[in-house]
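Morning, everyone. Let's walk through one model. Please have the structure open.

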Amino acid sequence: MPPPPPPPAAPAPTLPAELIEEIFLRLPPDEPEWLVRASLASKHWLGLLTGPAFRTRYREFHGAPPMLGFLYTSIPGSSITERFVSTTKFGTRARDMKDWGVCCLDYDAWDCRHGRVLLCNIHLTPNALVVWDPMTGDWNWLVAPENYHWQQVAVLCAVSGCDHRACHDGPFRLVSVTLDEENGCCVAYERVSSLETGEQSDPDRHLTHPWNIMSYGLDHLVDDVDIEPMPPVLIEDALHFMLVYLHDDSVAILKYDLGSKCLSLIDAPLVETDIACATILMGTDDGSLGFAHVDGLTLNLWSRQMASDGVPAWTQRVFINLKELLPIQNPKQSLIIPIGSVEGSDIIFLNSLDLGIYEINLKSLQWKKIWKAEKFRALFPYMSFHNLPEKRELL
């Protein structure tokens with residue numbers, strides 16, 4: 001007589017939902033594939049991780065959004081092989097980029113902020129601008145202001161009170177600062193989109209609201225200055241653009257106040273010639289404007305803060321010997337230039353043309369290599385939490 005069958009195994013103990021959520025909250029935001037894999041394990045976990053309550057708690061728990069990748073511009077004469085470089089397992093979404101008018105690689109990155117990327121095609125007349133959301137794949141097409149000599153455009157969220165931790169929905173705002181040779185002045189334009197993310201526009205149907213001229217000024221700049229094609233910096237309610245003087249390659253800072261709609265000029269803390277290619281602006285972790293310059297293998301950082309007399313002044317904060325920090329093997333032949341930063345932090349990106357692209361925290365001095373050696377001129381970090389699709393989109 002065969003032995004009786006063994007009793008059925010007891011069901012595996014389950015963790016309380018509250019404890020499961022606490023575990024998921026601690027998954028690192030810069031490794032978005034972990035949350036994706038967890039959401040596919042069961043319908044219960046899928047509903048939890050795609051719900052608005054968990055999304056809100058996750059962003060509040062981790063604070064500032066992580067860097068999921070970057071865009072870049074190249075040194076003149078070199079080519080662009082990728083539009084977006086992912087530093088995680090995050091993959092961008094792009095719908096019919098060929099509909100932008102030409103190959104998407106003909107569009108240069110001009111800015112990246114609040115979950116949106118601003119690209120420009122200077123080969124089209126007038127210049128074509130595309131505001132692209134890598135998270136959703138949605139994009140809007142529009143034309144840049146005309147009748148300018150040099151121009152730089154910034155993109156930012158237009159939703160009042162938004163914390164920008166997962167900023168994708170709602171209208172966006174564009175600010176264009178141009179040097180108008182015809183009228184002999186510097187001009188600031190603004191444009192606020194009327195389309196919400198998810199609606200695409202095309203070359204035959206531009207965004208509803210036109211460019212509005214907000215400010216004229218600084219007439220003396222036009223004959224001797226260019227706007228450097230580097231990432232603009234947003235500090236509180238003002239955008240800052242780097243200017244380069246043509247006669248000696250020295251620099252200054254153009255400030256556009258979004259509240260008062262006024263343009264003003266800020267002197268750089270470093271009054272030297274031939275420094276434009278080795279200098280960038282930063283938004284530091286204390287909310288002040290930063291000015292970073294690499295001299296040989298020395299990195300210097302100044303910040304502009306309010307002095308005791310109530311007048312903003314530059315103070316040198318950081319002095320770093322890069323030879324002692326990075327794995328530089330041939331100091332005499334190494335060329336290092338700053339190419340970007342993360343707004344609201346002390347993180348800077350340096351390009352060593354023989355070693356690669358490095359990310360450095362200027363406070364902790366921790367660093368990591370994020371990309372191979374490339375001829376990058378500017379780097380635009382894409383900062384965002386990875387938004388899992390809602391449950392109804394996955395089922």
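Let's start at helix H4, whose buried residues are covered by, among others, helix H1 (17–25), helix H2 (33–39) and helix H3 (43–49). Contact here means heavy atoms within 4.5 Å. Helices are DSSP runs of H or I, at least four residues; strands are runs of E, at least two; both are numbered from the N terminus.

Two caveats. This is a predicted model: local features need pLDDT of at least 70, side-chain atom pairs count only at pLDDT 80 or more, and totals for chains, interfaces and linings use all residues. Residues are numbered from 1 along each chain as its sequence is written, and side-chain values use heavy atoms, with hydrogens and water left out.

Which residues of H4 are buried? In H4 (residues 52–62), they are Phe54, Arg55, Tyr58 and Arg59. Buried means under 20% relative accessible area, exposed over 50%, partly exposed in between, with a 1.4 Å probe and protein chains only. Down the axis of H4, the buried residues fall within an arc of 130 degrees, so they line one face of the helix. That arc is taken from the directions from the helix axis to the C-beta atoms. The face turned away carries exposed Pro52, Ala53 and Glu60. After H4 comes glycine 63, with a positive phi near 75 degrees.

Now the whole chain. It has 6 helices and 24 strands. Of its 395 residues, 51% are buried.

Next, the cores. A nonpolar core is a set of buried Ala, Val, Leu, Ile, Met, Phe, Trp, Tyr and Cys residues joined through side-chain atoms within 4.5 Å. The largest has 55 residues, and Leu71, Leu322 and Ile348 touch the most other members. Strand S17 (residues 289–295) gives this core its largest share, 4 residues. A second, separate core has 20 residues, including Ala154, Val225, Tyr256 and Leu263.

Last, the largest pocket. Its volume is about 1,200 Å³. On a 1 Å grid over the protein atoms alone, a pocket is an open set of points where a 1.4 Å probe fits, with protein on both sides within 12 Å along at least five of seven lines; lining residues have an atom within 4 Å of a point. Points are joined across faces, edges and corners, and the volume is the space filled by probe spheres set on them. Of the 50 lining residues, Pro65, Val342, Glu343, Gly344 and Met383 are the closest to the centre. Strand S24 gives the most to the lining, with 5 residues.
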